[in-house]
Amino acid sequence: MEPLQIASFVVRFQLAAVEEGTGKKQWRIKVTHVQEERETLFDSIEEATAFMKSMVNDF
């Protein structure tokens, strides 16, 4: 039987800015890997997702 592996993340989105002309929102995304208590900041959901995928693959 393989040991149980768990990877937990807390993802927080904070509005960083809104472009005046377009109204486009810029987000600051903080991902916390719970098991390692490691926090990392990102500018896009794609970067945050790639980080989480890499953390899971390293398990």
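Let us start on the outside of helix α1: the exposed residues E46, K53 and N57 sit on the face turned away from the helix's buried side. Keep in mind as you look around that this is a predicted model.

Now turn to the other side of the helix. The buried residues of α1 are A48, F51, M52 and M55. Viewed down the axis of α1, these buried residues fall within an arc of 95 degrees, so they line one face of the helix. What covers them? The cover over the buried residues of α1 includes the strands β1 (9-18), β2 (25-33) and β3 (38-42).

The length of the helix can be checked too. Helix α1 takes in residues 45-57, and at 1.5 Å a residue its 13 residues should span 18 Å; the end C-alpha atoms are 18 Å apart, which agrees.

| Strands | Sense | Bridges |
|---|---|---|
| β1 and β2 | antiparallel | nine bridges |
| β2 and β3 | antiparallel | five bridges |

You can find individual partners across these pairs. Q14 stands opposite R28 in β2, while V31 has T40 in β3 as its bridge partner.

The turns are worth a look as well. The hairpin of β1 and β2 has six residues between the strands, and G23 there takes a positive phi near 80 degrees. In the hairpin formed by β2 and β3, four residues lie between the strands, and E37 in the turn has a positive phi of about 50 degrees.

How values were computed: Residues numbered from 1 in each chain as written. Predicted model: local features only at pLDDT ≥ 70, side-chain atom pairs only at ≥ 80, totals over all residues. Heavy atoms only, no water. Helix = DSSP H or I, 4+ residues; strand = E, 2+ residues; numbered from the N terminus. Expected span 1.5 Å × (residues − 1). Buried < 20%, exposed > 50% of the residue type's maximum accessible area, 1.4 Å probe, protein only. Arc of directions from axis to C-beta. Contact = heavy atoms within 4.5 Å. Pairing = 2+ DSSP bridges.
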